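Q: I would like to learn how to read a model like this one. Where do we start?

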Amino acid sequence: MSEAKVSIKNLYKIFGRKPADMVAHVENGVSKADLLENYGHILGLNNVSIDIAPRAIQVVMGLSGSGKSTLIRHINRLIEPTAGQVVVDGDDVLQMDEAQLRDFRRKKASMVFQKFALLPHRSVIDNVAYGLKIQGVDAGQYTKTAQHWIERVGLSGFENNFPAQLSGGMQQRVGLARALATDSELLLMDEAFSALDPLIRSDMQDILLALQDELHKTIIFITHDLDEALKIGDNITILRDGAVVQNGRPQDIVMSPADDYVTDFIKDINKARVLQVSSVMGKEQGIKGPSLEANTLLEDAMQSVIDSKANGAVVTKNGKKVGTASLAAMVKAIARAEKTGDTETYR
Amino acid sequence: MSFLTEIPTMGRTDLRDFKKGIDDSFREFTFNYGEVIENFFEPLLQFMIWFERLLLAAPWPIILIVIAGLSWLGSRSWKLTVGAVAAFLVIGYLDMWEDTMATVAIISVATLLCIGVGIPLGVLMARSNRAQTIITPVLDVMQTIPSFVYLIPVVMLLGIGKVPGLLAVCIYAIPPIVRLTNLGIRLVDRDVMEAAEAFGADYRQKLFGVQIPLALPNIFAGVNQTIMMALAMVVIASMIGVKGLGVPVLRAISNQYLALGLLNGLAIVALAIIFDRVSQQYGKRLQRHREGGHNV
Ligand SMILES: Nc1ncnc2c1ncn2[C@@H]1O[C@H](COP(=O)(O)OP(=O)(O)O)[C@@H](O)[C@H]1O
Ligand SMILES: [Mg+2]
């Protein structure tokens with residue numbers, strides 16, 4: 001992994017009358033519930049440190065109220081932290097003065113919102129051009145750019161409609177095009193697809209992934225939906241009560257959840273569609289079967305092992321053998337028993 | 001026991017001196033600053049005189065065409081346009097044309113003045129809670145105090161004439177536009193404001209690009225109410241020298257001329273209805289973009 005694009009260091013956010021005085025309590029281990037009960041303050045973020053890799057999709061996941069929106073709003077400083085640091089491209093966002101911050105928001109970080117937050121009195125094309133107009137780009141240029149992004153998100157023909165005339169999915173395409181039009185490298189998406197119907201949501205995920213294949217932006221994507229997180233995340237951070245409980249690749253999180261909270265998240269997913277053969281690979285001898293690339297999903301791997309009536313597969317990387325995976329190991333991985341009896345705790 | 005039956009009072013002489021003190025100091029203020037204040041309002045006076053002359057000098061068919069044009073532009077309704085023209089024809093036929101023009105002149109100028117002062121005040125109130133807590137009670141007083149009470153200092157300061165009349169009308173009519181501008185801006189969707197912020201909009205871009213456009217339907221409701229209240233002040237303003245439909249009404253009251261009072265009163269009502277319907281229709285059209293109507 002190269003140098004981090006966004007580096008969040010020991011970030012605390014406490015809501016209330018005297019937040020600064022509360023940091024010490026939180027550092028001493030006072031929980032979110034106790035802080036509210038005994039000190040009348042709300043713990044938003046608790047010592048969050050994350051390095052976010054460039055040109056990849058970083059997902060932040062957690063239940064409602066876990067601090068996801070609060071965290072993402074620190075990156076473009078829509079919220080001021082109580083303590084900590086946010087560094088983007090080596091610049092400390094918290095040290096910027098008003099003009100620098102405006103410039104940062106105009107050119108370096110754009111945002112997509114859960115409730116779309118389009119300008120209701122402006123047409124689709126004017127909404128998409130909004131960021132450019134704010135920057136003072138001239139009309140010919142911003143019309144051309146906006147038109148381009150409207151086409152890219154599949155909204156050609158709707159340029160002159162008002163947002164209220166569009167369906168939710170189409171409105172969020174406008175939101176996405178608006179964010180892409182400013183050409184900033186950082187894309188902040190706060191539950192951008194959560195308000196959409198499942199089918200439309202899945203479409204939007206596909207659109208985002210297709211665009212990302214080409215654009216390679218640094219995307220910070222908030223969601224409370226694990227399926228969504230696994231589908232689009234290159235890396236996933238899980239928040240609980242404002243603190244990071246686990247941070248890792250989707251594989252790692254599914255294979256070894258850090259605690260019951262995470263276990264509870266992953267208990268209903270189809271692991272065969274997430275895990276790759278590499279995650280169950282070993283050095284076991286005597287396995288004969290098809291050769292499969294390390295990133296083959298277990299779902300496909302088991303199918304081809306069974307089709308060829310073998311007892312496992314030979315795992316390869318770029319065609320070279322790196323290990324073996326027995327059918328038994330594959331089955332065991334997806335059938336891994338839930339050990340907890342109280343999975344309702346966090347619901 | 002008299003303590004319980006009679007509320008303690010200040011004492012006759014003290015009270016008299018107290019009132020006299022206020023009167024004297026205000027008189028002194030008038031004496032010292034009356035002219036400065038009059039000079040300050042001079043351009044407004046000239047504008048009012050010019051506008052009234054313009055309305056009176058213009059041939060009546062042209063005025064009717066302008067009225068028809070404005071009604072159409074505002075409401076896009078043939079019924080309203082025809083109704084407005086017919087009302088003005090009847091007014092002219094009953095020989096109330098000149099008074100009506102004078103009233104239209106003062107209402108127009110008063111409305112412009114209220115908009116010019118009221119919207120910035122409303123913006124200020126929306127921006128700062130401090131400003132809101134200071135301005136709100138002042139507006140309450142302006143709306144509830146009997147208009148005769150503030151006519152006294154206005155007349156002391158500026159005498160009788162157009163400008164004091166205009167001020168009296170504005171004091172009475174300005175609160176709704178200030179309140180509704182404030183309310184409209186405060187009601188603007190916070191998510192949309194956050195989006196503007198996130199894309200790096202500065203204060204002016206947020207105010208003119210998001211807040212005012214989205215508050216416009218409310219601001220317009222304020223303008224509408226301001227016009228209505230200004231019309232309601234026409235009769236009282238004529239007591240301090242404002243020409244217009246209020247003058248014959250006053251004459252009718254003191255001489256018990258029923259028909260005169262009724263006709264001029266009805267002319268005021270006609271003006272009110274036309275202004276109200278046209279500005280309401282216009283306000284509605286400002287909200288067109290809110291209609292969903294999935295034409296998709
Ligand atoms: N402006 C605020 N004032 C007080 N508490 C807040 C504020 N914003 C968020 N919170 C609290 O901070 C916590 C995290 O909120 P949020 O970041 O919105 O969670 P999420 O987006 O994960 O649902 C919640 O307990 C919420 O009630
Ligand atoms: Mg949220």
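A: Start with a cut-off: a residue counts as exposed when its relative accessible area is over 50%, as buried when it is under 20%, and as partly exposed in between. B:D95 has a relative accessible area of 69%, so B:D95 is exposed. Keep in mind that this is a predicted model.

Q: Where does B:D95 lie in chain B?
A: B:D95 sits in the loop between α4 and α5 (97-127) of chain B.

Q: What about B:R76: where is it, and what is its phi?
A: B:R76 is in the loop between α3 (60-75) and α4 (78-93) of chain B. It is not a glycine, but it has a positive phi of about 55°. Its relative accessible area is 44%, so B:R76 is partly exposed.

Q: How many helices and strands does chain B have?
A: Chain B has 14 helices and zero strands. Its C-alpha trace spans about 80 × 55 × 45 Å along the principal axes. Of the 296 residues in chain B, 43% are buried.

Q: Is B:N224 buried or exposed?
A: Apply the cut-off again. With a relative accessible area of 8%, B:N224 is buried. This residue belongs to helix α11 (residues 203-232) of chain B. Its side chain makes a polar contact with the side chain of B:D276, at 2.9 Å.

Q: Which residues of α7(A) are buried?
A: An α-helix has 3.6 residues a turn, so residues three or four places apart point the same way. In α7(A), the buried residues are A:Y142, A:T145, A:A146, A:W149 and A:I150. They cover an arc of only 140° around the axis, so they lie on the same side of α7(A).

Q: Which exposed residues are on the face of α7(A) turned away from its buried side?
A: That face carries the exposed residues A:G140 and A:K144.

Q: How should I read a loop residue such as A:G286?
A: Take place, accessibility and neighbours in turn. A:G286 lies in the loop between α12 (260-266) and β11 (291-293) of chain A. Its relative accessibility is 56%, so A:G286 counts as exposed. A:S326 is 40 residues apart from A:G286 along the chain, and their C-alpha atoms are separated by 9.6 Å.

Q: Which residues surround ligand 1?
A: List the shell, then sort it. Among the surrounding residues are A:F15, A:K32, A:I42, A:L63 and A:K68. By class, the shell has three nonpolar, six polar and two charged residues. Helix α3 (residues 68-75) of chain A gives the most to the shell, with three residues.

Q: Which side chains have an N or O atom close to an oxygen atom of ligand 1?
A: Take the distances one by one. A polar side-chain atom of A:K32 is 2.8 Å from an oxygen atom of ligand 1. For the side chain of A:K68, the distance is 2.9 Å. For the side chain of A:T70, it is 2.5 Å. On its own, ligand 1 has 560 Å² of accessible area, and the protein covers 63% of this.

Methods. Residues numbered from 1 in each chain as written. Chains lettered and ligands numbered in written order. Predicted model: local features only at pLDDT ≥ 70, side-chain atom pairs only at ≥ 80, totals over all residues. Heavy atoms only, no water. Near = heavy atom within 4 Å. Polar contact = N/O pair within 3.5 Å; in protein donor to acceptor, adjacent residues only side chain to side chain. Areas by Shrake-Rupley, 256 points an atom, 1.4 Å probe, with all protein chains shown as cover. Helix = DSSP H or I, 4+ residues; strand = E, 2+ residues; numbered from the N terminus. Nonpolar A, V, L, I, M, F, W, Y, C, P; charged D, E, K, R; others polar. Buried < 20%, exposed > 50% of the residue type's maximum accessible area, 1.4 Å probe, protein only. Arc of directions from axis to C-beta.
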